[in-house]
Amino acid sequence: MWRRVASFSPFISSTKSSILSQLVPTMKIWESFTTEAPIPVNHGISSKDSTPFITFVLGGPGSGKGTQCAKIVDTYGFKHLSAGDLLRREIARNSEYGSTILDTIKEGRIVPSEVTVRLIRREMELSDNHKFLIDGFPRSEENRISFERIIGAEPNIVLFFDCPEEEMVKRVLNRNQGRVDDNIDTIKKRLKVFEALNLPVVNHYAKKGKLHKIWAVGAEDEIFEQVRPAFAGCEVISES
């Protein structure tokens, strides 16, 4: 089971006041998470632990991230963590912060970084895998900075699924999954948010040489053939 070298609590204590001052509109979410019983964390890495291999998967709604993530999991043995799915799971629990997350998503806004990172971190700590495919996060530079500060690591690989807006809108409307954010008005809001906030993240990792840009139009297998080179030479094949 993967564990960070340092625990999360020092981060909370040292930066809590500055974070809370920035998150006044979402105070109830943050308070709900910070008062939650902490997950035990080992202060150090045992001989059975491995340094996490982290892949970010970026792209607009309907760009095909989820479909390709399933193929990556089957082929390379990653643990798939969808930021959107983790947030929707909290909504399904009908908690107080789940209701606020729901309102935030309906409005096409981004849930506070600390909330999403804490959910991701919890899943990473509970997993026996050390290879993580983080889908749909970070969605902004603030997300990125929070992740790297809290988790204490940068991604090894960043996949960006580049897809025309018209194609993404068509796909989201056709998938009919019954999600609260699968309607034309919310889709358009999400695309505007993505363009304004996510592209700086894409550019950041492009400058660092970690970005693999995938043209996300065509058959699923054809798109996956573009994904394969990103993992060439990496020890990411599933154990038998």
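Student: Is asparagine 143 buried or exposed, and what relative accessibility does it have?

Tutor: In this predicted model, a residue counts as buried when its relative accessible area is under 20%. Asparagine 143 has a relative accessibility of 1%, so it counts as buried.

Student: Where is the place of asparagine 143?

Tutor: Asparagine 143 is in helix H7, which covers residues 141–151. The UniProt record, an unreviewed entry, lists Asn143 under "binding site".

Student: Which residues is asparagine 143 in contact with, leaving aside its neighbours within four places in sequence?

Tutor: With those neighbours set aside, asparagine 143 is in contact with Ile110, Ser113, Phe137 and Pro138. A polar atom of the asparagine 143 side chain also lies 2.9 Å from the backbone nitrogen of arginine 139.

Student: Now for a helix. Which residues are buried in helix H5?

Tutor: Start with the general idea. An α-helix has 3.6 residues a turn, so residues three or four places apart point the same way. In H5, residues 96–106, the buried residues are Tyr97, Gly98, Ile101, Leu102, Thr104 and Ile105. They cover an arc of only 165° around the axis, which puts them on the same side of H5.

Student: What follows H5?

Tutor: Glycine 108 follows H5, and its phi is positive, near 75°.

Student: How many aromatic pairs does the structure hold?

Tutor: The structure holds seven aromatic pairs. To read one, look at the distance between ring centres and the angle between ring planes; planes over 60 degrees apart count as edge-to-face. The rings of phenylalanine 53 and phenylalanine 78 have centres 5.8 Å apart and planes at 70°, so this pair is edge-to-face.

Student: Which parts does that pair tie together?

Tutor: Phenylalanine 53 lies in strand S1 (residues 53–59), and phenylalanine 78 lies in the loop between helix H3 (65–76) and strand S2 (79–82), so the pair ties together parts that are 25 residues apart in sequence. Phenylalanine 53 counts as buried at 15% relative accessibility, and phenylalanine 78 counts as buried at 4%.

Student: What kind of aromatic pair do tyrosine 76 and phenylalanine 231 form?

Tutor: Their pair is tilted, with 4.8 Å centre to centre and 35° between the planes. Tyrosine 76 lies in helix H3 and phenylalanine 231 in the segment after helix H10 (220–227), so the pair ties together parts that are 155 residues apart in sequence. Tyrosine 76 is buried, with a relative accessible area of 6%, and phenylalanine 231 is buried with 3%.

Student: Which residues do ring pairs link into a cluster?

Tutor: The cluster linked by ring pairs consists of Phe53, Tyr76, Phe78 and Phe231.

Key
Residues numbered from 1 in each chain as written. Predicted model: local features only at pLDDT ≥ 70, side-chain atom pairs only at ≥ 80, totals over all residues. Heavy atoms only, no water. UniProt positions renumbered as here; feature names shortened; annotations may be inferred. Helix = DSSP H or I, 4+ residues; strand = E, 2+ residues; numbered from the N terminus. Buried < 20%, exposed > 50% of the residue type's maximum accessible area, 1.4 Å probe, protein only. Contact = heavy atoms within 4.5 Å. Polar contact = N/O pair within 3.5 Å; in protein donor to acceptor, adjacent residues only side chain to side chain. Arc of directions from axis to C-beta. Phe/Tyr/Trp six-rings, centres within 6.5 Å; stacked < 30°, edge-to-face > 60°.
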